[in-house]
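Please look through the structure before reading the points below.

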Amino acid sequence: MSATAPRTGRTSPPGEISRPNPRPQAERFGDEYVAFCDGVRSLTQIDLGQYKRGQMERRIRTFAQRRGTPDLLAYLSALRSDRAELEGFLDRVTINVSQLWRNPEQWRVLEREVLPELIAAAPLRRMRAWSAGCSYGAEAYTLAALCRELDGGGRAEIVGTDIDRRMVERAERGRFSDEDARSASRELLERWFTREGEEWQARRELRSLVRFEVGDLLRMRPRRDAYDLVLCRNTVIYFTEEVRDALHERLVASLRPGGYLVIGSTERVSRPRELGLDATHPFTYRKSQ
Ligand SMILES: C[S@@+](CC[C@H](N)C(=O)[O-])C[C@H]1O[C@@H](n2cnc3c(N)ncnc32)[C@H](O)[C@@H]1O
């Protein structure tokens with residue numbers, strides 16, 4: 001809309017119904033949303049301003065409405081004073097869904113092509129991998145199981161990081177439901193996990209390969225050339241394109257030459273060649289030597 005256009009109505013082309021201009025209301029909501037994001041940032045360190053606004057704002061407004069507090073600033077006060085409410089809110093915004101062997105076709109490529117190459121390339125040192133946005137650890141434990149399959153001695157070192165402390169604590173426990181295990185082969189599941197009650201507990205052999213840390217991908221500055229493999233799947237979908245591209249650049253910088261970046265099966269790297277990446281398999285890139 002031009003700066004001089006009227007704010008309370010617009011001239012419609014013939015045949016189009018004239019509706020009141022929605023902008024003033026959107027602006028009011030916009031300010032409220034920005035103030036809400038500022039409040040959430042000081043409460044949790046999570047910067048919602050870096051996430052795609054339309055999607056995130058809709059999700060938050062719907063959630064606040066369902067909780068009976070449609071006014072976002074009033075809802076912010078509720079989050080400040082009620083720990084349980086804050087937990088529910090974090091579940092809603094961080095979307096922690098994951099599973100063991102999620103997207104099995106990606107794991108097949110890792111098992112048959114990528115990991116053998118990386119393990120062979122690092123005969124005298126540990127292969128280092130990063131599950132960036134690891135949620136409750138399913139991805140890191142799946143990778144650990146494949147490393148054990150391929151290299152029994154376990155020369156891998158896998159770090160999982162997530163912004164959500166509760167997920168990191170869960171990841172450290174290494175316990176998964178049947179639902180989490182629905183894509184896993186029974187044989188591998190029984191080899192690397194033990195049945196405890198209703199859950200699958202990662203065996204010591206896997207746990208010794210993984211560690212977890214709280215970390216915000218948007219603030220972390222990982223060491224250059226630190227990893228042979230970075231998995232960053234199903235995490236950047238909520239970020240704006242600029243934030244996602246800048247993150248991909250930092251992830252690539254953290255890879256050794258010849259290392260691999262694996263992204264989610266609905267995601268893209270904008271300009272892989274400019275980052276020095278070759279696409280080797282679907283959603284899989286190798287950093288130039
Ligand atoms: C859908 S899960 C993906 C888990 C796993 N990578 C997978 O594909 O199954 C997305 C995770 O990203 C985390 N996340 C969101 N924003 C983040 C950020 N800025 N820094 C680190 N983790 C973040 C969420 O807490 C959530 O656990």
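**Pockets, ligand and sheet**

Helix H4 (83-94) and strand E2 (156-162) each contribute at least two residues to the lining of the largest pocket. The model is predicted. The largest pocket takes residues from domain 1 (23-94) and from domain 2 (104-287), so it lies between the two domains.

**Largest pocket**

- The space in the largest pocket comes to about 410 Å³.
- Its lining has 28 residues, and those closest to the centre are Thr-94, Ile-95, Asp-162, Asn-234 and Thr-235.
- By class, 14 residues of this lining are nonpolar, nine are polar and five are charged.

**Second largest pocket**

- The second largest pocket holds about 320 Å³ of space.
- There are 15 residues in its lining, with Thr-44, Leu-90, Ile-163, Asp-164 and Arg-165 nearest the centre.
- Three helices each supply at least two residues of this lining: helix H1 (23-44), H4 and helix H7 (165-173).
- Domain 1 (23-94) and domain 2 (104-287) each give at least three residues to the lining of the second largest pocket.
- The lining of the second largest pocket divides into six nonpolar, three polar and six charged residues.
- H4 supplies at least two lining residues to the largest pocket and at least two to the second largest pocket.

- In the side chain of Tyr-51, an N or O atom is 2.6 Å from a nitrogen atom of the ligand.
- An oxygen atom of the ligand lies 2.6 Å from a polar side-chain atom of Ser-98.
- Ile-163 is placed with a backbone N or O atom 3.2 Å from a nitrogen atom of the ligand.
- Ile-163 is also one of the residues nearest the centre of the second largest pocket.

**Three-stranded sheet**

- An open sheet is formed by three strands in the order E3-E5-E4, with antiparallel pairing.
- Strand E3 (175-176) and E4 are the edge strands, each pairing on one side only.
- Strands of a sheet pair through backbone hydrogen bonds, either parallel or antiparallel.
- Strand E4 (residues 193-196) pairs with strand E5 (residues 199-202) over four bridges, in the antiparallel sense.
- Two bridges join E3 and E5, again in the antiparallel sense.
- Gln-201 in E5 is the bridge partner of Thr-194, and Arg-175 stands opposite Gln-201 as well.
- Two residues separate the strands in the hairpin of E4 and E5, where Gly-197 has a positive phi near 60 degrees.

Technical notes: Residues numbered from 1 in each chain as written. Predicted model: local features only at pLDDT ≥ 70, side-chain atom pairs only at ≥ 80, totals over all residues. Heavy atoms only, no water. Pairing = 2+ DSSP bridges. 1 Å grid on protein atoms, 1.4 Å probe; cavity = no way out; pocket = protein on both sides within 12 Å on 5 of 7 lines; lining within 4 Å. Points joined across faces, edges and corners; volume = space filled by probe spheres on them. Nonpolar A, V, L, I, M, F, W, Y, C, P; charged D, E, K, R; others polar. Domains from an automatic or database assignment. Polar contact = N/O pair within 3.5 Å; in protein donor to acceptor, adjacent residues only side chain to side chain.
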